[in-house]
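This briefing is meant to be read with the structure open beside the text. Please follow each point in the viewer as you go.

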Amino acid sequence: MTYQPKSDFMRVMMERGFLADCTDYQALDEALSTGVVPAYIGFDATASSLHVGSLIQIMMLRWLQKTGHKPIVLMGGGTTKVGDPSFRADERPLLTPDQIDANIAGIKQVFSAYVSFGEAPTDALMLNNAEWLDGLNYLDFLRDVGRHFSVNRMLSFESVKSRLDREQSLSFLEFNYMILQAYDFMELNRRYGCRLQMGGSDQWGNIVNGIDLTRRILDHEVFGLTSPLLTTADGKKMGKSQSGAIWLNADMLSPYEFWQFWRNTADADVERFLKLYTELPLDDCARLGALDGAEINAAKIALANAVTTLAHGAEAAAAAEATAREVFEKGGTGDDLPTLTLSADEIGDGISIVQLITRSGLAKSGKEAKRLIAENGARIDDAPLTDAGLMVDAARLAEPLKLSAGKKRHALIKLAP
């Protein structure tokens, strides 16, 4: 695209790789360059933390605020009761209202690190769509809102079509999700003057529905903007690792493990991730991304430090880097490593090394732990671990025990005082 944006926000979106598509580039850019534009992204409360798969959207809200506009974080307290079917092979499990409220409380923790909330024109709002969805009257909703939706058109959206093409069930409950999301956009426009919905490119159909509904009922012009769905250079979905989801909340994943995820970025992803997940100037992103050989490790450390600083603070990033240096360069144990603390009662006469590997999170199952040992991928205090039948007693834990899976994943085992 050759369009040259006037607004700082659209320029950042285009230059740093955030932009997949937009309903009307020029009209949105004009709105962004002439006043404060409130914009929202929705986050369903399916877990008690978001993971790095959501971080591109969080960074979009951060850039929106940094360029003089108003971010709206919409928690899906209502829509989570239905479940978004977009590009899923099966129906999401239904959560109770108490589970949803607990998940929202956990998710809220992360946003204060990225945007500032308050009463000023560009301060962020955090809202919950249960506020207007929970009280809907079904018959009124069908009459006033449902009549604006074409089933033929809804069936043509890729997120629905892919399920039907694979002859996989799509429940009526899930089919209603896109209507509810469209209603969210209209309500946010009516109540808060919201003019833009953003999201991943899998949300394009849902966003367009909301724009159409807002135009039909309120006769207001609103916009949609999507980001690319990211995969890593090896084709894996962003947000997952060998050991599980990379959560943003420190109580779900330690800052050290979060830092390590970014430190282990593939060479081919470094420049792209620096542009998307940090605020380093573009020239620095290009310079660091162009390094090769052993020098690329400096770029990966810069990436890990910058992303961890945003999520957990500069102190946590510095501690993670220091721990990594101690573990990898000096052969130490590192105080900031993930730690499993056991009581003497839990250890009893001895606990198997397979249990320790599994409970510390280095393997998902005893079978996986045994395979790790059999394939010479496990180490104990930096020495090869070859005996899957090894038992560890309390005396062995007089000093912390360091377990390793491969070269990059480590954990400490400690005896409770």
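This is a predicted model: local features need pLDDT of at least 70, side-chain atom pairs count only at pLDDT 80 or more; totals for chains, interfaces and linings use all residues.

Contact, as the word is used here, means that heavy atoms lie within 4.5 Å of each other.

- Strands of a sheet pair through backbone hydrogen bonds, and they may do so in either a parallel or an antiparallel way.
- Strand β3 (residues 70-76) runs parallel to β4 and is joined to it by 4 bridges, with Ile72 standing opposite Leu125 in β4.

**Strand β6 and its two partners**

- Is strand β6 (residues 223-227) mostly covered or mostly open? The strand is mostly covered, since 5 of its 5 residues are buried, a term that stands for a relative accessible area under 20%.
- Phe223, Leu225 and Ser227 point one way from β6, whereas Gly224 and Thr226 point the other way, and all of them are buried.
- On one side of the order given above, strand β1 (residues 21-22) is joined to β6 by 2 bridges and runs antiparallel to it; here Asp21 stands opposite Thr226.
- Strand β5 (residues 196-200) is joined to β6 by 5 bridges, and these two strands run parallel; the bridge partner of Leu196 in β6 is Phe223. Between the two strands the chain crosses from β5 through helix α11 (residues 204-218) to β6, and this β-α-β crossover is right-handed.

**Leu61 and helix α3**

- Leaving out residues up to four places away in sequence, Leu61 touches Ala39, Ile41, Phe43, Pro71, Ile72, Val73, Phe111, Val115 and Met198. One of these, Ala39, is 22 residues away from Leu61 along the chain, yet the C-alpha atoms of the two are separated by 8.1 Å.
- The helix itself is mostly covered, as 11 of its 12 residues are buried, and the buried ones include Leu55, Arg62 and Gln65.
- From its first C-alpha to its last, α3 reaches 16 Å, which is close to the 16 Å expected for its 12 residues at 1.5 Å a residue. Just after the helix, Gly68 takes a positive phi of about 95°.

- When its neighbours within four places in sequence are set aside, Ile373 is in contact with Ile353, Val354, Ile357, Ala378, Leu385, Thr386, Asp387 and Ala388.
- Leu385 lies 12 residues from Ile373 along the chain, and the C-alpha atoms of this pair are separated by 6.3 Å.

**Cysteines**

- How many disulfides does a search of the whole structure find? The search finds 0, and Cys22 is accordingly in no disulfide, with the nearest cysteine sulfur, that of Cys194, 14 Å away.
- Cys22 is buried, with a relative accessible area of 6%, and Cys285 is buried as well, with a value of 0%.

**Strand β15**

- Strand β15 (residues 409-415) is largely enclosed by the rest of the structure, because 5 of its 7 residues are buried.
- Strand β9 (residues 339-342) pairs with β15 in the parallel sense over 4 bridges, and the bridge partner of Thr341 is Lys414.
- Strand β14 (residues 401-405) pairs with β15 in the antiparallel sense over 5 bridges, and Ala405 stands opposite Arg409. In the hairpin of β14 and β15, which has 3 residues between the strands, Gly406 takes a positive phi near 70°.

Key:
Residues are numbered from 1 along each chain as its sequence is written. Side-chain values use heavy atoms; hydrogens and water are left out. Buried means under 20% relative accessible area, exposed over 50%, partly exposed in between (1.4 Å probe, protein chains only). Two strands pair if DSSP finds at least two bridges between them. A crossover is right-handed if, with the strands pointing away from the viewer, the path from the first strand over the helix to the second runs clockwise. The expected span of a helix is 1.5 Å times one less than its number of residues. A disulfide is a pair of cysteine sulfur atoms within 2.5 Å.
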